[in-house]
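This briefing goes through one protein chain by topic.

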Amino acid sequence: METVNLEKNVKEIFESGKYVVPLYQRNYAWRKNEIEVLLQDIYEAFKKNPNGNYFIGSLVVLKRQNGDFEVIDGQQRLTTLSLITKIFGISKIPCLFYDSRPEVEEFFKEFYKTDGNIQNLDYPQITHFKNAIEFIEEANLDANNTTPVTIHKLANKEAFVNFFANNVILIRVEIPADTDVASYFEIMNNRGVQLQKHEILKSLLMAKIDNKAEQKEFAYIWDACSQMDSPIQRNFNAELRRKYFGEKYDDFIRPFNDSQEVNKEISQLKPFSISDILQGKADEGLTDNKSADDEEIEEEASEYKSIIDFPNFLMHILRLRYKTSVNEIQLNEKYLLKVYDSIGNQISPKDFINTLLFCRTIFDRFIVKTISDQNVEDEIKWTLHKPTKYEKSWKYTSTFGDTPEQDRIVKALSMLQVTFRTRIYKNWLQDILKWFWEEQKDVHITAMEYQSLLDDLILKYYEERKFLSSPVPENEDINKSNSYSLGTDTPHFIFNFIDYLYWVDNKNPTSINTEYEIKDFDFKYWNSVEHHMAQEWAERNIDQVPDKDNYIDCLGNLCLISKSSNSRLSDRDIKEKVQTFNKGNLGAKRQIMYKMTQDAEEKYTWNKGKIKRHYNNIMQLIEKREDILKH
């Protein structure tokens, strides 16, 4: 095996040959979190030492007879790097290819064209690639900055791109040509991996417990809680499910009670050492989770996707229960062990595991998840459910039943999630967990109680953003001094808040918005501010809109859409936009703008008068926000 010149920077990697992803490799699957963490780690290394090298792992390849490199291990990272280098302007030609996947090949070919348009490609096989491009361009590079710092807004962009190309290092290992690739690939997938931070934290806490039986119970609960993409009750067998969640699986019972007497035989069991725990000995012999009544579980409930991962969930528990001597605990999982080092003496492992299981139960029952659905936009839909036990079976049903209250709570939660999507800034989730914990709420709260909490939080977040404005007087034209006109800098929260108000108001008998009915819609990860009267169109038709600068950036001319939609809409005229795109899942504000464009004596017009009318309607809506939400 080659043992010299293994270190290669990103630029050298892509200049030294073509890479082919073989058919036996799984599809590209990195999502926002993996991509953003990679970029944040590299940016942090750049800030600390712009001239130093930063190693990001290994790339295992097999050199084919034609000189191409077959990717054996490291495909996900390599694919992400290939997208980043194109976006950063480091690579000009495609270097990554896929065996027997023509749709992916077509995507990369179009992606690298100067005038390429990947939005015209609509294959399911390339969805993750298209999403990854958005994640890269919108990624907050600076994890410590609450105001997103994207690559396009980076003050020292040129220096960072140069660091990325020349100082980010991979170890490229070529395996011998006579290697049995299929066997090697299987070994690589089943090889041991480095312990993660949350596994080390688990061992440190378990080592504080003074007997094996309680250590094993701690480990069992910890491992069940760590499976964030599976409902918590499913992660226990029927016996423990009854122990922790009651006979109907619909309650919460503390695992450890410090006041209970410990069985003498159990108390004499010598505890596992940290070394034993790290080697997995404490997990041996744990009861099998499966039981007969699992057969009646809805499949859908076991396939959902959590909005956060387990390390981030642990940071929520730490912030909820403990204090540092300096600042509030951050929700960034990279500081997990650092935080523990500073507060470890405060933590009782039994108290921690009680809190962890309680919060995980609350999280499963009262926080939205996503489930795959190929029939809806983005192939995801929101779900909120709880376990329901029958005489001989059990399954998951809507937390608050098939009711208007359930719909509104899902709408509020999904609005918060798409607005504050970054895990390390998910303070709304912390606020909900804190409310349950500090107010000593149990799992049986009413829909009205919970809805009231969510609306209070939404109103609080609105007030924090100091959105101060008022309707434009009848005798004044709109301009930047008398209206809210931030254009593309308008916070996304404002758009989602307006959509939520319109949706709730539309359900009220005394609706403010009496002119237009709102079709139901789902909040999605819309991430691009769209000018309904497009800037490019207005500049080309300056004779029709000579004073465009006064109102082109006004909130009354803006809506929030997906970045891919924005690229298709950027230079369309009003009529073409409405005729082509007035369908599917549209936010309430966008629906109203399209209806106003159509509903007039002179159809398909959008002018200063309509922008002002829509703007003033929004101001009225926001002015009545408390009445609308408290109705």
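Helices (H or I, at least four residues) and strands (E, at least two) are DSSP runs, numbered from the N terminus. Counted in that way, the chain has 25 helices and twelve strands. The model is predicted, so local features need pLDDT of at least 70 and side-chain atom pairs count only at pLDDT 80 or more, while totals for chains, interfaces and linings use all residues. Residues are numbered from 1 along each chain as its sequence is written, and side-chain values use heavy atoms, with hydrogens and water left out.

**Whole chain**

- Of the 631 residues, 53% count as buried; buried means under 20% relative accessible area, exposed over 50%, and partly exposed in between (1.4 Å probe, protein chains only).
- The chain exposes about 30200 Å², and carbon and sulfur atoms supply 44% of that area; accessible areas come from the Shrake-Rupley method with a 1.4 Å probe, and for residues only the protein chains shown count as cover.
- Contact means heavy atoms within 4.5 Å. Among contacts between residues at least 6 apart in sequence, 73% join residues at least 24 apart.

**Second largest pocket**

- Pockets and cavities are found on a 1 Å grid over the protein atoms alone: a cavity is a set of points where a 1.4 Å probe fits but cannot get out, and a pocket is an open set with protein on both sides within 12 Å along at least five of seven lines; lining residues have an atom within 4 Å of a point.
- Grid points are joined across faces, edges and corners, and a volume is the space filled by probe spheres set on the points. The volume of the second largest pocket is about 720 Å³.
- Its lining consists of 33 residues, and those nearest the centre are Thr-403, Gln-406, Asp-407, Arg-408 and Val-410.
- Two or more lining residues come from each of strand E8 (380-383), strand E10 (394-398), helix H16 (404-419), helix H18 (447-464) and helix H19 (492-507). H16 gives the most, with eight residues.
- The lining of this pocket has twelve nonpolar, ten polar and eleven charged residues. Ala, Val, Leu, Ile, Met, Phe, Trp, Tyr, Cys and Pro count as nonpolar, Asp, Glu, Lys and Arg as charged, and the others, Gly among them, as polar.

**Cavities**

- The structure holds three cavities of 30 Å³ or more, and the largest cavity has a volume of about 50 Å³.
- Phe-495, Asp-499, Trp-526, Cys-559, Leu-560, Gly-587, Lys-589 and Arg-590 line the largest cavity. H19, strand E12 (558-561) and helix H23 (588-598) each give two or more residues to that lining.
- By class, the lining of the largest cavity is made up of four nonpolar, one polar and three charged residues.

**Aromatic pairs**

- Rings of Phe, Tyr and Trp (its six-membered ring) pair if their centres lie within 6.5 Å; planes under 30 degrees apart count as stacked, over 60 as edge-to-face and the rest as tilted.
- The whole structure has 42 aromatic pairs. One of them is Tyr-98 with Phe-129, edge-to-face at 5.9 Å centre to centre and 90° between the planes.
- That pair links distant parts of the chain, with Tyr-98 in strand E5 (residues 96-98) and Phe-129 in helix H5 (residues 127-138), 31 residues apart. Tyr-98 is buried at 4% relative accessible area, and Phe-129 is buried at 3%.
- Phe-236 and Tyr-244 have ring centres 5.1 Å apart and planes at 70°, so this pair is edge-to-face. Both residues are buried.
- A cluster of linked ring pairs takes in Tyr-28, Tyr-98, Phe-107, Phe-108, Phe-111, Tyr-112 and Phe-129.

**Loop residues**

- Asp-309 sits in the loop between helix H12 (274-278) and helix H13 (310-321) and is partly exposed, with 21% relative accessible area.
- Leaving aside neighbours within four places in sequence, Asp-309 is in contact with Asn-33, Met-228, Glu-333 and Arg-423.
- Tyr-249 is not a glycine but has a positive phi of about 60°. Tyr-249 lies in the loop between helix H10 (238-245) and helix H11 (264-267) and is buried at 1% relative accessibility.
- Gln-440, also not a glycine, has a positive phi of about 55°. Gln-440 lies in the loop between helix H17 (427-438) and H18 and is exposed at 72% relative accessibility.
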